[in-house]
Amino acid sequence: MSAVEFKNVSKSYQDNLILKNISFKINDGEFVSFLGPSGCGKTTSLRLVAGLEKNTSGEIHIGDELISQPEKNLFVPTKDRRLGMVFQSYAIWPHMNIFENVAFPLRMAKKPEDEIRKSVEEVLKLVELGGLSARMPDTLSGGQQQRVALARGLVARPRVLLLDEPLSNLDAKLREKMRKDIREIQQHFKMTCIYVTHDQVEAFSMSDRIMIMEKGNILQFGTPQDIRANPANEFVRNFIS
Amino acid sequence: MKKIALYFLLFILFAVCVYPFLFLGESFSFENGHFDWAIYKRAFSSAMTLRSFNNTIIVCGSTVILSTLLSLPLAWLFTRTDIPGKGIWRTIFCLPYAIPPFIGAIAWIYLANPSNGILLPIFPWLNIYSMTGLIFVMTVFFYTYILINLLTAMEKIDPSLEEAARISGAGSLQVFFRITLPLVTPSLISGMLLAFLSAIASFGIPALIGNAAGITLMTTQIVLFQKMASYTGLKLSGILSLSLLALALVVFILDYLISRRFRFSLVTGKVARPSLTELGDKKKWAILFLTLLAIVLFILPVGAILYAALSRVQGEHALANMGLQNFHNIFLKTDETWRAVKNSFILALGAGVLCTFFGYFLSQSGKSVSKPVNKIKEAFIAIPYAVPGTVLSLALILTTLSLKLPLYNTLGIILLAYFAKFLNFSYRIVNDGISQVDQSLIDAAHVAGAGSFQVFWRIWIPILRPFLMASFFLVFMPAFSELTMTVLLTGPGNESIGTLIFQMQEYGDASGGGAAVLAFFVLLVIIGMNLILKLATKGKYGL
């Protein structure tokens with residue numbers, strides 16, 4: 001598990017400044033939510049950690065490793081960052097069964113077959129999908145597919161688990177259970193998690209700390225109690241009430 | 001009233017699109033009311049028939065395999081990398097789709113014929129009149145069917161499927177082979193079958209290059225049998241047509257089954273760009289690869305046609321030999337040229353208008369009929385599209401002759417053939433347009449007091465304009481330079497540009513450069529129309 005740090009990070013598309021010189025540090029083992037309205041830069045920040053986008057300037061660190069600094073022409077590609085990610089659309093590969101979907105990160109790491117088998121069965125049990133490993137994705141419900149995505153994100157013990165609005169396609173009841181389950185799993189592994197959401201209930205019920213963003217700036221970064229007690233400005237007050 | 005109109009439409013469809021093939025089958029298989037085993041036995045024990053069947057499978061099979069190997073890296077470069085100028089590369093590499101294959105054949109004959117090919121001084125071992133030459137020219141045309149299918153499919157994949165693989169530690173090639181390729185496999189197979197279908201039905205390249213190399217395919221064998229003009233010859237050509245039809249049908253059914261078997265939902269809700277692989281140092285190699293390929297696939301053939309058109313004497317490579325003499329001869333001194341241009345223009349215009357008109361009403365009628373009737377209608381429309389042009393022409397000739405319709409040897413029968421063959425394009429495009437129009441737009445017009453005709457004229461036509469235009473152009477272009485069907489249907493005075501070029505190249509004045517002049521003219525028309533179409537539909541249609 002690892003800390004994540006941004007130092008003066010900016011990101012622009014053509015003339016459009018998406019992230020405006022932001023800096024923050026997420027501690028090892030911490031669960032942090034990026035919260036804000038759409039277009040605030042929260043998903044972009046997450047994708048910068050993943051390496052799915054390149055920052056325009058500034059430094060990004062994971063643990064002790066500098067993974068991106070355009071000024072030095074330094075960029076560690078996504079595949080070498082050892083991360084896990086859960087996508088909003090689940091992104092379960094329809095041509096592989098559940099086992100192969102979850103085993104994929106281990107296969108890429110060239111782990112021996114018996115270890116793969118053991119790890120996959122273990123993690124599937126953890127997300128309550130034990131016994132479904134031979135099924136094809138299109139035979140699973142949305143909630144089950146989301147658990148497959150979670151299992152795939154966890155299986156290789158990533159340095160950081162990234163979650164991009166993972167619950168927004170689920171119905172309200174399922175969402176509540178998944179919230180609890182994700183939090184429990186995170187505490188079980190003491191894993192660093194970054195959770196992107198526009199839903200303040202989600203953010204406040206799951207996170208150790210919350211980073212509230214608007215128009216490419218960080219408005220406030222603190223514990224849920226902190227933010228409730230002392231909202232940094234009018235926008236935060238309105239957004240969380 | 002609506003019902004009657006619809007059944008009338010269905011009747012026309014049946015008469016033009018289905019009946020001729022039933023008639024073809026019946027008239028060749030039965031003799032005095034009995035199934036004629038003898039002629040089948042004779043046809044299938046004939047060495048010529050069997051050889052043409054074998055050749056078709058070998059040539060078209062190799063064409064499809066090579067086309068796939070060519071299309072995969074191109075599709076990857078155009079959709080998954082940061083190579084600059086993607087739009088232009090795509091247009092160049094998709095353009096052969098719109099160019100009539102026989103023009104490519106002529107270009108390659110100028111370039112690499114063994115007696116005075118333009119490339120011979122540099123590559124003396126070249127010989128286009130060979131199995132390799134035939135497969136090569138087929139490949140550089142029919143790969144576009146696969147490439148276009150692949151490009152569409154690769155743009156539809158939800159980017160997060162590939163991103164998830166990258167997060168899991170997969171590099172660019174692993175992402176392509178383990179995720180992207182399996183996901184587009186259904187589209188790839190469908191493109192391969194389509195390319196195979198078009199290749200077995202093609203006539204221009206096999207006739208111009210295959211015949212000279214002594215390699216007969218099924219289509220060219222059918223025409224050879226038919227040209228024998230004897231009763232047996234006609235029968236044999238009919239039976240070979242039925243075999244070709246059967247082969248096409250098998251491929252068509254295979255495609256249908258496969259597309260039903262694998263149907264992953266790839267379409268993403270939000271519009272997202274796939275993340276692009278940065279080629280880095282390899283970028284210049286990729287550009288070099290594309291440039292060389294573009295020279296071979298596009299610049300050399302077009303250049304050869306222009307060069308031959310300008311050469312006063314073919315095969316003499318000197319600046320003094322260049323001039324506009326051939327253009328002068330063809331356009332000002334040959335009566336047939338203008339007759340052919342006029343005929344092609346009338347036919348293409350007629351087919352474009354007719355197909356678009358019927359395409360519109362056939363799509364609209366889909367709303368007021370039951371599902372099974374609609375399915376039957378769509379099958380009727382698709383049949384002539386799937387049937388090889390050679391077979392379609394033969395069936396139309398037989399039918400009109402036996403019904404004593406005064407169509408044989410007129411432009412009318414050619415127009416009928418174009419209509420049947422290209423209606424499928426129009427129907428699909430217009431149907432696509434109509435299905436995108438929300439019913440509330442129409443209801444709102446009715447509420448505002450518009451009658452049926454006003455709704456048609458003031459709402460449907462303006463909204464559908466890009467689709468109707470696309471439909472017209474996409475029929476006009478292939479009809480304008482059609483050869484495969486026309487070559488069988490044409491008669492004295494009824495030559496089209498396609499058949500005139502073919503005759504000049506095949507029989508007459510190969511030395512005069514006339515074929516090259518006309519081929520160049522056709523190229524200009526087609527590339528120009530493509531450009532107009534692309535601009536007029538804001539890039540949705542056109543290459």
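Colleague: How many bridges join β5(A) to β6(A), and which way do the strands run?
Modeller: This is a predicted model. In it, β5(A) and β6(A) run antiparallel and are joined by two bridges. One pair to look at is Q69(A) with L74(A), the bridge partner in β6(A).

Colleague: What sits between β5(A) and β6(A) in that hairpin?
Modeller: Four residues lie between the strands, and N73(A) has a positive phi near 60 degrees.

Colleague: How many bridges join β1(A) to β2(A)?
Modeller: Seven, and the two strands run antiparallel. β1(A) spans residues 4-13. Y13(A) has N16(A) in β2(A) as its bridge partner.

Colleague: Change of topic. I was looking at K125(A): buried or exposed?
Modeller: K125(A) has 12 other C-beta atoms within 10 Å, so K125(A) is exposed; the cut-off for exposed is 12 or fewer. The residue is in helix α3 (residues 113-126) of chain A.

Colleague: How far is K125(A) from D181(A)?
Modeller: Their C-alpha atoms are separated by 13 Å, and the two residues are 56 apart along the chain.

Colleague: On to the two chains. How many residues does each give to the contact?
Modeller: Chain A gives 17 residues and chain B gives 19 residues. On the chain A side, β7 (84-86) and α2 (98-108) each supply at least two residues. α2(A) gives the most to that side, with three residues.

Colleague: What classes of residue are on the side of chain A that touches chain B?
Modeller: There are 12 nonpolar, four polar and one charged.

Colleague: What ipTM does the predictor give the complex?
Modeller: An ipTM of 0.86, with a pTM of 0.86. For chain B the mean pLDDT is 86, and 96% of its residues reach 70 or more. Over residues 267-271 of chain B, though, the pLDDT is below 50. That stretch has three contacts in the model beyond near neighbours in sequence.

Colleague: Last one, in chain B. How do α14(B) and α19(B) cross?
Modeller: Helix α14 (residues 335-365) and helix α19 (residues 452-480) of chain B cross at roughly 145 degrees, and their axes come within 8 Å. The crossing is right-handed.

Colleague: Which residues make the contact?
Modeller: From α14(B), they include S344(B), A348(B), G352(B) and G359(B). From α19(B), they include L468(B), F472(B), V475(B) and F476(B). By class, that contact has 11 nonpolar, five polar and no charged residues.

Terms used
Residues are numbered from 1 along each chain as its sequence is written. Chains are lettered from A and ligands numbered from 1 in the order in which they are written. This is a predicted model: local features need pLDDT of at least 70, side-chain atom pairs count only at pLDDT 80 or more; totals for chains, interfaces and linings use all residues. Two residues are in contact if their C-beta atoms, placed from the backbone, lie within 7 Å. Ala, Val, Leu, Ile, Met, Phe, Trp, Tyr, Cys and Pro count as nonpolar, Asp, Glu, Lys and Arg as charged, and the others, Gly among them, as polar. A residue is buried if 20 or more other C-beta atoms lie within 10 Å of its own, exposed if 12 or fewer, and partly exposed in between; C-beta atoms are placed from the backbone. Two strands pair if DSSP finds at least two bridges between them. Axes are lines fitted to C-alpha atoms, for helices over the stretch in contact, and angles run from 0 to 180 degrees between N-to-C directions. A crossing is left-handed if the near helix is turned anticlockwise from the far one by less than a right angle, and right-handed if clockwise. pLDDT is the predictor's confidence in each residue, from 0 to 100.
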